[in-house]
Structure formats: C-alpha cells, structure tokens
Amino acid sequence: MRCPFCGHGDTQVKDSRPTEDSSAIRRRRFCQACGSRFTTFERVHLRDLVVLKRNGQRSPFDREKLARSIRIACRKRPVDDERIERIVSGIQRHLESLGDAEVESKAIGEAVMEHLAGLDPVAYVRFASVYRNFREAKDFEEFVETLSSLSV
C-alpha cells in the first residue's frame, strides 16, 4: 500500500479488524519513510455493477456517489458517518446479491428511500425531493401528507 502522504511504496499494517457490520476490514497502517499513520478499508467486491439510468445511459456503479447523496440528505441531521457507511454497504451488498450486472437507478433510489425512511424523516424528505424531482411547494405538501397518513 502506497503512503498517501509521501508516496512511499512500502507501508506496514499495525492493526486489522473487521468493521462493526463485518462488510470491510479496517487496517491501521504506518509509513516507515515519513512516520505517518493512516487507515485503509478493504471491501469484498463481488461483481462490477452497471447502473442503467432513466435516460437509457449506462454508467459504472459509484459507491462514493451513493454515499455522497446520502450524506447530503443527512447534512445537519443527527446521523453519523458510520451509520451512512452501513447503509451504503447494505445497499451495495443487496445489489450485488441480485445476480444481475445491470441495476436500474430506480432500484438504487428506492433502496435509499427505504433506508432513510427508517433513519431520519427530514433526510427522507430531502432525498425524496431530489429523487422524485419535486418542482414546487405543492409537491412537498403532497409527499408530507402521504407520510402523515402512513404514520397515523
């Protein structure tokens, strides 16, 4: 593993342990050249997923893009990064286990909506506003009304 600080090609693993949900291995590393310490995560990669978008385009699945969109929805909410990582890992594992190399963007969006609904109602509405393309205040009102009717 190359050191991200000095670029030296030989780093030493000081500690390895699985993450809480066992979806990755967390490794603490030490660079002998510059003395820096850093953390890496190793994840099992079952297959390369391709996302089939609504407009027909295909693009490779981007785990970071998924995490970023969830972080944006959860910004300034009481949701820690570790919880977001567990959601992203769960969604990715689910998609990989489906058996198809191609996944519709709709399936990804619905999976995120399902996770956010149980996590934080504000983050859920924020994500839904982008995912469902709300154009005016009435769209928000209708969506929140459906939420209220489901929870009563």
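The largest pocket holds about 670 Å³ of space. A pocket here is an open set of points on a 1 Å grid over the protein atoms alone, where a 1.4 Å probe fits, with protein on both sides within 12 Å along at least five of seven lines; lining residues have an atom within 4 Å of a point. The volume is the space filled by probe spheres set on the points.

This is a predicted model: local features need pLDDT of at least 70, side-chain atom pairs count only at pLDDT 80 or more, and totals for linings use all residues. Residues are numbered from 1 along each chain, and side-chain values use heavy atoms, without hydrogens and water.

| Pocket | Volume | Lining | Nearest the centre |
|---|---|---|---|
| Largest | about 670 Å³ | 21 residues | K65, S69, I108, F127, Y131 |

Strand 5 (58-60), helix 1 (63-73), helix 3 (105-119) and helix 4 (121-131) each give at least two residues to the lining of the largest pocket. Helices (H or I, at least four residues) and strands (E, at least two) are DSSP runs, numbered from the N terminus. In the second largest pocket, helix 2 contributes the most, with 4 lining residues.

Pairing requires at least two DSSP bridges between two strands. Strand 4 (residues 50-52) and strand 5 are antiparallel over 3 bridges, and L52 stands opposite R58 in strand 5.
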